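Please read this briefing beside the sequence and the 3D view.

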Amino acid sequence: MDSTAVDRFDTSRFEASRNRLASLAYRLLGSAADAQDAVQDAFLHWQAADRQQIKVPEAWLTKVVTNLCLDRLRSAQARRERTAGAWLPEPLLDGDPMLGPADTFEQRESVSLALLTLMERLSPVERAVYVLREAFSYSHAETAEILDITESASQQHLHRARRRITAARRGGGEVDPASARRIIEEFLAAATSGRTERLVALLTDDATAISDGAGGMATTLLRYDTPQRIAAVVRAGFKPTDAKRRLAGGMPAIHYALVNGAPAILFVVGDQVVGSTMFDIVSGKIATMHGIAAPNRLARLTEAWRQHEPDAPLITEW
């Protein structure tokens with residue numbers, strides 16, 4: 001086999017792993033754009049390596065991508081961004097290959113916005129161990145090899161990660177899709193009709209809402225922590241005005257969608273997603289809302305939306 005054929009063969013081996021590597025990087029970083037950069041950097045490492053000495057390409061690539069992501073999480077820039085109060089995970093439309101694998105509840109939960117946000121409380125190594133074990137079912141021996149730690153250290157990191165996440169996680173498990181859609185339709189009806197008391201009734205007592213502000217322009221995240229305050233903010237936010245429509249670039253249609261496995265509503269002008277609100281439902285009520293409008297956080301979701309066949313909008317012109 002000549003060198004050109006070898007390069008083509010080796011490139012095809014990398015491409016066969018690309019989606020899996022991207023889904024690993026996304027879980028570690030919470031950003032699709034950063035995940036793509038990490039995978040591309042791994043490809044450059046792959047091209048520069050003596051590939052004939054790599055016995056198990058999948059394991060080698062997993063180690064490279066994981067450690068590239070750890071480097072990013074430990075960087076001064078990442079620490080500034082993630083501690084400045086303006087960081088949110090990047091939402092992905094269901095069906096995006098970066099969300100896979102999704103065969104188990106743990107795998108599906110590992111890309112929920114709620115869990116991606118909770119994982120910010122973990123150290124980079126704890127986060128890597130948690131993702132490798134929970135989402136990709138690597139053994140402690142394999143995880144230790146990837147991270148250059150001992151098996152006992154891997155076990156300790158996983159124990160701490162699970163403890164921290166369990167302490168902050170809200171129970172409830174997975175929600176029936178039909179029930180989830182009904183709750184979101186009730187929420188939208190209440191939000192657009194001014195029935196604040198109905199909004200309060202749809203929220204858990206400890207509900208939380210987090211937003212990056214109108215147009216995604218808030219310098220720090222906006223947080224609301226009581227049902228009454230959330231209902232008031234939602235009612236004001238869902239009242240259409242000329243100024244809001246100018247900011248959105250037109251009169252958005254409001255669509256129901258699944259984003260990161262959770263129910264969501266998307267504000268869409270033409271083929272551009274200009275806003276998104278994702279919901280975490282617990283015991284039949286809304287426990288968490290994430291509102292994202294920053295264009296850079298919606299870029300990949302918009303790209304997927306343009307290739308998507310949506311249902312009829314819940315509201316045609318907002």
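T302 is buried, with a relative accessible area of 4%, where buried means under 20% relative accessible area, exposed over 50% and partly exposed in between, computed with a 1.4 Å probe on protein chains only. The model is a predicted one, in which local features need pLDDT of at least 70 and side-chain atom pairs count only at pLDDT 80 or more, while totals for chains, interfaces and linings use all residues. Residues are numbered from 1 along each chain as its sequence is written, and side-chain values use heavy atoms, with hydrogens and water left out.

- T302 belongs to helix 14, residues 295-306; helices (H or I, at least four residues) and strands (E, at least two) are DSSP runs numbered from the N terminus.
- Leaving aside neighbours within four places in sequence, T302 is in contact, meaning heavy atoms within 4.5 Å, with D271, Q272 and V273.
- M98 sits in the loop between helix 4 (76-83) and helix 5 (105-109), and it counts as buried because its relative accessibility is 3%.
- Although M98 and S23 are 75 residues apart along the chain, their C-alpha atoms are separated by 4.3 Å.
- Beyond its neighbours within four places in sequence, M98 has contacts that include S23, Y26, L92 and R300.

- Strand 4 (residues 262-269) is largely enclosed by the rest of the structure, because 8 of its 8 residues are buried.
- From strand 4, A262, A264, L266 and V268 point one way, whereas P263, I265, F267 and V269 point the other way, and all are buried.
- In a regular strand the side chains alternate between the two faces of the sheet.
- Strand 3 (residues 253-259) pairs with strand 4 in the antiparallel sense over 7 bridges, pairing being assigned if DSSP finds at least two bridges between two strands.
- L258 has P263 in strand 4 as its bridge partner, and the hairpin of strand 3 and strand 4 has 2 residues between them, with N260 in the turn at a positive phi of about 50°.
- Strand 5 (residues 272-282) runs antiparallel to strand 4 and is joined to it by 6 bridges, with L266 opposite S276 in strand 5.
- The hairpin of strand 4 and strand 5 also has 2 residues between the strands, and there G270 takes a positive phi near 65°.

**Aromatic pairs**
- A search of the whole structure finds 6 aromatic pairs, a pair being two rings of Phe, Tyr or Trp (its six-membered ring) with centres within 6.5 Å, called stacked when the planes are under 30 degrees apart, edge-to-face when over 60 and tilted for the rest.
- The rings of F238 and F267 have centres 5.7 Å apart and planes at 55°, so this pair is tilted.
- F238 lies in the loop between helix 12 (227-237) and helix 13 (242-248) and F267 in strand 4, so the pair ties together parts that are 29 residues apart in sequence.
- F267 also forms an edge-to-face pair with W318, at 5.7 Å centre to centre and 80° between the planes.
- Ring pairs link F187, F238, F267, F279 and W318 into a cluster.
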